[in-house]
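These are my notebook entries on what I looked up in one structure.

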Amino acid sequence: MKLASLKEGRDGRLVVVSRDMKKAVPAGDIAPTLQAALDDWDHCRPLLDATYHALNVGSGRDVFDFDPAACAAPLPRAYQWADGSAYVNHVELVRKARGAELPESFWTDPLMYQGGSDSFLGPREDIRAISEDHGIDFEAEIAVITGDVPMGVPVAEAGGHVRLLMLVNDVSLRGLIPAELAKGFGFFHGKPSSAFSPVAVTPDELGGAWDGAKLHRPLLSFLNDAPFGKPEAGEEMTFSFPQLIAHAAATRPLSAGTIVGSGTVSNRDADGSPGKPVAEGGLGYSCIAEIRMIETIASGKPSTPFMRFGDRIRIDMEDGDGASIFGAIDQTVVRYGG
């Protein structure tokens with residue numbers, strides 16, 4: 001099943017989207033918003049499923065053409081946005097570039113931060129930035145939306161609380177992050193509003209690509225229309241989504257509608273090297289910072305610039321037939337005018 005939120009009010013208007021993402025139908029008679037559906041999932045899920053089936057066989061009522069540009073984020077605002085860093089290859093490169101060793105605990109204890117969740121961006125909304133000097137970067141990730149998760153949930157049970165999956169652009173202002181981390185209290189200014197894919201999908205929609213813990217498809221990034229990254233999301237994911245959920249719920253319950261992110265998807269090359277650009281036959285990267293790290297390790301300084309006003313980033317994931325699963329995040333960086 002595929003669900004989206006059209007721009008309307010603060011929390012959007014829930015619609016059911018066809019498998020090919022060409023058509024949609026209103027779901028207001030079941031739940032006005034996605035959050036409302038998540039709050040009463042056991043009741044709403046079968047009704048939404050029936051609507052989805054009818055839409056796909058051409059018997060739905062009030063069908064209209066689906067336009068990703070009309071979408072807000074599936075959850076335009078959420079009770080919680082907890083972003084992990086499940087791909088330790090990415091973390092290792094970050095630290096190596098600044099000459100720091102990777103603590104052994106990073107392989108057994110996930111990194112996670114709590115981000116702002118009150119003003120997410122829709123899939124076609126601009127990235128508004130104050131200054132190019134802030135080091136504007138994208139981060140291509142996968143996220144899950146949970147139902148209610150009890151405190152202390154075991155990893156073996158945590159995956160059963162996944163309701164939906166979607167893509168994320170976790171926008172980062174790299175120039176602001178070091179000073180914030182130096183304070184010892186985490187991100188704030190360096191993490192502006194994140195953007196999400198047009199649709200969120202139920203795990204069963206993914207078939208064999210979803211194994212209950214990881215999503216096994218390449219995550220595609222295009223910077224100014226040029227291929228930038230195509231790492232395999234299911235490979236080298238040190239911490240699975242059940243592990244991330246269990247980590248987030250270790251000392252408190254999670255409310256329905258909690259979003260848990262994977263962190264930047266990152267792969268080494270087949271020979272074990274940190275990774276080569278797509279143009280050189282490699283899998284590329286899911287953020288600019290990673291190629292800059294590799295450039296710094298190789299030559300002492302980075303050569304790839306961060307994003308500038310007018311730059312465009314597109315993030316997508318395709319099924320085995322080349323069809324988009326979630327719809328693309330497609331954003332342009334613009335100067336914030338107040």
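**Entry 1. Charges over rings**

I began with R292, whose charged end sits over the ring of F306, 4.1 Å from the ring centre. I kept in mind that the model is a predicted one. I then found a second case: K191 lies over the face of F187, at 5.2 Å from the centre of that ring.

**Entry 2. Aromatic pairs**

I next asked how many aromatic pairs the structure holds. The count is 7. I noted that such a pair of rings is described by the distance of the centres and the angle of the planes.

I looked up the pair of Y113 and F187, which is edge-to-face, with 4.9 Å from centre to centre and 75° between the planes. Y113 belongs to strand β6, whereas F187 is in the loop between α5 (177-182) and β12 (195-196), so this pair ties together parts that are 74 residues apart in sequence.

I then turned to F228 and Y285. Their ring centres are 6.2 Å apart and their planes stand at 65°; edge-to-face requires an angle over 60 degrees, so the pair belongs to that class. F228 lies in strand β15 (residues 226-229) and Y285 in the loop between β16 (259-261) and α7 (288-299), so the pair ties together parts that are 57 residues apart in sequence. I recorded F228 as buried, with a relative accessible area of 12%. Y285 is also buried, at 2% relative accessibility.

I also noted one aromatic cluster, formed by W81, F120 and F196.

**Entry 3. The second largest pocket**

I looked up the volume of the second largest pocket, which is about 570 Å³. Which residues lie nearest its centre? They are F188, H189, K191, P192 and S193, out of 24 residues that line this pocket. The elements that contribute two or more residues to the lining are β6 (112-115) and β7 (127-129). I sorted the lining by class and recorded 12 nonpolar, 8 polar and 4 charged residues.

**Entry 4. Helix α6**

Why is helix α6 (residues 241-248) described as largely enclosed by the rest of the structure? I found that 6 of its 8 residues are buried, and the description follows from this. The buried residues are F241, P242, L244, I245, A246 and A248. I then looked for what covers them, and the elements include β5 (81-84), β6, β9 (140-146), α4 (155-158), β10 (162-169) and β16.

**Entry 5. Positive phi values**

D62 has a phi near 55°, and its place is the loop between α2 (41-56) and β4 (64-65). At 61% relative accessibility, D62 counts as exposed, because the cut-off is over 50%.

For D225, I recorded a phi near 75°. D225 lies in the loop between β14 (220-223) and β15. With a relative accessible area of 52%, D225 is exposed.

Terms used:
Residues are numbered from 1 along each chain as its sequence is written. This is a predicted model: local features need pLDDT of at least 70, side-chain atom pairs count only at pLDDT 80 or more; totals for chains, interfaces and linings use all residues. Side-chain values use heavy atoms; hydrogens and water are left out. On a 1 Å grid over the protein atoms alone, a cavity is a set of points where a 1.4 Å probe fits but cannot get out, and a pocket is an open set with protein on both sides within 12 Å along at least five of seven lines; lining residues have an atom within 4 Å of a point. Grid points are joined across faces, edges and corners, and a volume is the space filled by probe spheres set on the points. Helices (H or I, at least four residues) and strands (E, at least two) are DSSP runs, numbered from the N terminus. Ala, Val, Leu, Ile, Met, Phe, Trp, Tyr, Cys and Pro count as nonpolar, Asp, Glu, Lys and Arg as charged, and the others, Gly among them, as polar. Rings of Phe, Tyr and Trp (its six-membered ring) pair if their centres lie within 6.5 Å; planes under 30 degrees apart count as stacked, over 60 as edge-to-face and the rest as tilted. Buried means under 20% relative accessible area, exposed over 50%, partly exposed in between (1.4 Å probe, protein chains only). A charge sits over a ring if NZ of Lys or CZ of Arg is within 6 Å of the ring centre and within 35 degrees of the ring normal. Contact means heavy atoms within 4.5 Å.
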